[in-house]
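This report covers a predicted model. Its topics are two sites and one annotated region.

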Amino acid sequence: MKLAKPCVYAGVQYSHLSDDSRELDSHTLFVRTPLNAAFTPDHPSIEASELASIFAPLPKIIGITGTNGKTTTAALIYSLLLDCGYSCALIGTRGVFANDKQLRAKGLTTPCVLELYEIFAMVGECAFVVMEVSSHAIVQERIAGISFHTKILTNITSDHLDYHKTQAEYIRVKNSFFSDECCKIINADEPKASYNPLNSHTYGIESSANLRPNAYSLDQAITAHLSYTPSRASQSSKNKEQALIHAPLYGKHNLYNILAALLCVRLITQKPLESCVEYLENFGGVEGRMEVVSKEPLIIVDFAHTHDGMEAIFESFKGKNIAVVFGAGGDRDPSKRPKMGAVAYKYAKRIYITSDNPRSEKPESIIEAIRQGIPLDTKTPIICEVDRAKAICQAVSELEDDWVLLVLGKGDETYQIIGSESRHFDDREEIRKALKARI
């Protein structure tokens, strides 16, 4: 992209920056990145890592990475900071927001480096910017030169192996984000986390941590009694803080997201924990993340598209009869497909395997790969239906009143990619159509 940005570099005045060698002229400074390194021209250029000096001063930037939970954790922090009276921007999967206004539609989880700095300039009056940081963005240095005020790790499981090739490399990339000395907020229950301990703070449910629940309930909404102990204080210190939370969200995974967000807000604002939790009840969740489309019968849509993400959703409804509709994306890591089938078989009493975004692959082949994770002799009803709309319709029509139906994989996406074509498709719309037909 080409960006209008007057600047002086190496004693020369420029009016624009560009990371595209085809857009250069005498007034444009070329921005070098790992993605365009092979196309670097004989032209005045600057490393992406040097851009921060041109766009300074930047707001205080909070970066969140992890396999699951980035979007909800980022939205929670953004919401809490706004309610606490701070000006704040949000950059992520859902788009760009600033002070409750949407500035840009959905795009990459982490925009390209020039677009990212353009956004920073747009929201320069904000005290804080909360942003999701993908593993792709770390490798491709889309965050090059950004001095983060705070970094957060949600978890590390397995994803994007089509890009990173091995889980070990994926884990290395995630952990590389936490090698510096800035403020770090780490999930203490994540065994694969590796980070610089300097300026680190932890949250957790099972492990000892700076912020953790003494007791909690996940029945319908999340209720918990929390204890916070600063890193420099002993467990018996008078500095320990306690607070009771009630949040209209589902699931243990969302309790983790809440803990990460609260610890972040507590640290960066220095407000007492009781003040930080005050506005938690105002947060109604994120579209497509444990979104309740129907309460009677209970039907929930979620973006979960890995076996561990699915398991976190299933765990939220232990004790209930679960029906699930899901598929797996084409042209993506195929190793996760049987794992997704296996975890669905572990929890669900009725399974509908369908298409997600098959892209260039045959939907039937993807479904068969998922089916391989399920025993052939199972008595659990397994319905394989390529047409996602038909699968949803059948699942809704067969849903019993005391069951929960989980429609997983696409969340708030409003399209389906089949071949090279992107077609309008929204799980929530299809569910509502099926509910009307059911009456």
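## Second largest pocket

The lining of the second largest pocket is made up of 3 nonpolar, 5 polar and 2 charged residues. These are Asn199, Ser200, His201, Tyr228, Pro230, Ser231, Arg232, Arg266, Leu267 and Gln270. The space in this pocket comes to about 260 Å³.

Two secondary structure elements, strand E12 (200–203) and helix H7 (252–269), each give at least two residues to the lining of the second largest pocket.

## Cavity

With a threshold of 30 Å³ or more, the count is 1 cavity. The largest cavity holds about 40 Å³ of space. Around the largest cavity stand Thr71, Leu90, Ile91, Gly92, Arg94, Gly95, Phe97 and Glu132. By class, this lining has 3 nonpolar, 3 polar and 2 charged residues.

At least two lining residues of the largest cavity come from each of strand E6 (88–92) and strand E7 (95–98). E6 has the largest share of that lining, with 3 residues.

## Annotated C-terminal region

An unreviewed UniProt entry lists residues 288–411 as "domain: Mur ligase C-terminal". In the model, 32% of the chain over residues 288–411 is helix and 23% is strand.

## Six-stranded sheet

An open sheet with mixed pairing contains 6 strands, in the order E16-E17-E21-E18-E19-E20. The edge positions belong to strand E16 (291–294) and strand E20 (382–384); each has a single partner strand, so one side of each has no neighbour in the sheet. From one strand to the next, the twist averages 20°.

Within this sheet, strand E18 (residues 321–326) pairs with strand E19 (residues 350–353) in the parallel sense, over 4 bridges. Phe326 is placed opposite Ile353 in E19.

## Helix across the sheet

Which strands does helix H9 (residues 307–315) lie across? They are strand E17 (298–302), E18 and strand E21 (403–408). Relative to E21, helix H9 runs at about 160°.

Notes
Residues are numbered from 1 along each chain as its sequence is written. This is a predicted model: local features need pLDDT of at least 70, side-chain atom pairs count only at pLDDT 80 or more; totals for chains, interfaces and linings use all residues. Side-chain values use heavy atoms; hydrogens and water are left out. UniProt positions are given in the numbering used here, feature names are shortened, and annotations may be inferred rather than shown by experiment. Two strands pair if DSSP finds at least two bridges between them. Axes are lines fitted to C-alpha atoms, for helices over the stretch in contact, and angles run from 0 to 180 degrees between N-to-C directions. Contact means heavy atoms within 4.5 Å. On a 1 Å grid over the protein atoms alone, a cavity is a set of points where a 1.4 Å probe fits but cannot get out, and a pocket is an open set with protein on both sides within 12 Å along at least five of seven lines; lining residues have an atom within 4 Å of a point. Grid points are joined across faces, edges and corners, and a volume is the space filled by probe spheres set on the points. Ala, Val, Leu, Ile, Met, Phe, Trp, Tyr, Cys and Pro count as nonpolar, Asp, Glu, Lys and Arg as charged, and the others, Gly among them, as polar.
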